[in-house]
Amino acid sequence: MRTTRAARLLAAGTAVTALALLSACGGGEPERPRETPVSKAPVQPRVRQPRLDVLPGMPPVEDPADLYAADRPNRLSPVVADFPSRVYVPNTNSNTVTVIDPATYRVVETIPVGRQPQHVVPSWDLKTLWVNNDLGNTLTPIDPRTGRAGPPVDVHDPYNLYFTPDGKYAVVMASMDRRLVFRDAHTMKVVKSVPVTCYGVNHADFSIDGRYFIVSCEFSGEILKVDTARMEVLRQERLPLRGAMPQDVKVSPDGKLFYIADMMADGVWILDGDKFTRPRFLATGKGAHGLYISRDSREMYISNRGEGTVSVFDFARDRLTKKWRLPGGGSPDMGGVSADGKVLWLSGRYNAEVYAIDTRTGAQLARIKVGSGPHGLAVYPQPGRYSLGHTGIFR
C-alpha cells in the first residue's frame with residue numbers, strides 16, 4: 001500500500017523459446033547380474049501427470065502438482081547464471097534504489113531513479129529489472145549483469161508491474177488511473193487499456209494454466225478475475241469485511257487456491273480462483289501484507305507489517321505453524337527468498353531498513369539501513385524459467 005496514495009484517491013473521488021532446456025545423457029546401461037523371480041522387486045506403475053491445457057505460448061507446466069517446481073534452490077536459468085547476487089531496494093521517499101550484497105549484508109551502491117519508486121520487477125525473459133517510478137510516470141531499466149540503470153521509459157502510473165505467462169505483455173497496475181494496461185513486454189507500448197470500477201488495483205497472480213489472474217483492489221476492498229488472452233475482467237467481488245484492504249496475492253502450489261493478504265483484516269483470504277466463490281479467512285497478524293513461497297513449495301511466509309512479525313503457513317496442513325518476531329519490532333513489507341532458500345529478505349517500510357531472516361529458525365540475520373520508505377525489494381537472481389513480475393514470481 002502507498003502511504004501517499006489515499007489523499008490522491010479521495011481528491012479524485014520474447015517469449016524466449018530457450019526457457020525449456022532439456023538435457024539427456026547417452027550411452028547404454030552396463031550389464032547387470034540376472035535376478036531370480038524371488039529377488040526381483042515388483043515394477044511400480046508409472047504415474048502420468050495430466051498435461052495442462054495452458055495459455056497458448058506459455059511454457060509447459062513442469063509439474064501440475066506443483067507450479068513452483070522450477071523454483072528449487074539454486075536452480076538458476078542459464079540466462080541469469082552469471083548475474084551477481086544482489087538485493088535491490090526501491091526507496092519511495094528517497095527516489096533511489098539501494099543495492100545490497102547479500103553475502104556481506106552491506107550496501108554496495110545507491111542508484112538514483114524516478115519519483116516514488118514502488119517495486120523492482122524482473123522481466124519475463126529475466127534479462128531486465130524494471131523500477132516502477134509511480135509518481136514519476138516512468139520505468140527505469142536496470143541491467144542485473146552490470147547493475148547499471150538505463151534511460152527511463154515513459155509509462156503512466158506504474159504502481160506495480162506483471163507479465164503474462166506467454167511473455168507477450170506487461171500488465172501495468174495503474175492504480176490511480178483505475179486501469180489494467182497491457183503493454184508490449186519489451187517496448188512497453190500500449191496494446192490495450194482496460195478500465196476497472198474498483199479502486200487501487202495493486203497485486204496479482206496467475207492461475208496454473210495462465211488463462212486468468214486474480215487482482216487485489218486495495219482501496220475498495222475488492223478482487224477481480226481477469227481473462228489473460230481476452231484482456232477482460234470476468235468477475236468482480238467485494239471481500240466480506242467492511243474496510244478490507246487486500247494486498248499481495250499468491251496461488252497455491254497445486255494451483256487450486258489463491259491467498260490474498262489483507263492489512264486491515266489482519267490476515268489472509270483463501271479463494272477458489274476457478275469458482276470465484278466467497279473466500280474463507282485466516283488470521284495471521286496485524287497488517288498482513290506480503291506473501292512468499294519457500295523453495296520446497298511446502299510453506300508460505302506472510303509478513304505482518306503492523307506488528308513486526310512473519311507468520312509461516314503450511315500448505316499440506318492448511319494451517320499456521322510458526323510466528324517469527326523481529327527483535328525490537330519493525331515494519332516487514334515486501335521482498336523475496338534467496339536463491340538457496342535460506343534467507344527471507346523484507347523491506348522495513350516505515351523504518352528505513354531491510355531485514356534478512358533465517359528461514360529455518362526465524363532468527364534475524366541482519367538489519368540494514370537504506371533510504372526512506374523502502375518498499376517492493378527484489379532478490380535477484382532467483383531460480384525459475386520465467387518471471388510473472390512483481391518482486392519476483394517465478395515459474
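A cavity is a set of points on a 1 Å grid over the protein atoms alone where a 1.4 Å probe fits but cannot get out, and lining residues have an atom within 4 Å of a point. Grid points are joined across faces, edges and corners, and a volume is the space filled by probe spheres set on the points. The model is predicted, and totals for linings use all residues. Residues are numbered from 1 along each chain as its sequence is written.

**Exercise 1.** Find the volume of the largest cavity and describe its lining.

*Solution.* Start with the space: the largest cavity holds about 180 Å³. Next, go to its centre: of the 16 lining residues, D71, I293, R295, Q382 and G392 are the closest to it. Then check the elements: β21 (288–293) and β25 (332–337) each give two or more residues to this lining. Strands here are DSSP runs (E, at least two residues), numbered from the N terminus. β25 gives the most, with three residues. Finally, sort by class: seven lining residues are nonpolar, six polar and three charged. Ala, Val, Leu, Ile, Met, Phe, Trp, Tyr, Cys and Pro count as nonpolar, Asp, Glu, Lys and Arg as charged, and the others, Gly among them, as polar.

Terms used: This is a predicted model: local features need pLDDT of at least 70, side-chain atom pairs count only at pLDDT 80 or more; totals for chains, interfaces and linings use all residues. Side-chain values use heavy atoms; hydrogens and water are left out. On a 1 Å grid over the protein atoms alone, a cavity is a set of points where a 1.4 Å probe fits but cannot get out, and a pocket is an open set with protein on both sides within 12 Å along at least five of seven lines; lining residues have an atom within 4 Å of a point. Helices (H or I, at least four residues) and strands (E, at least two) are DSSP runs, numbered from the N terminus.
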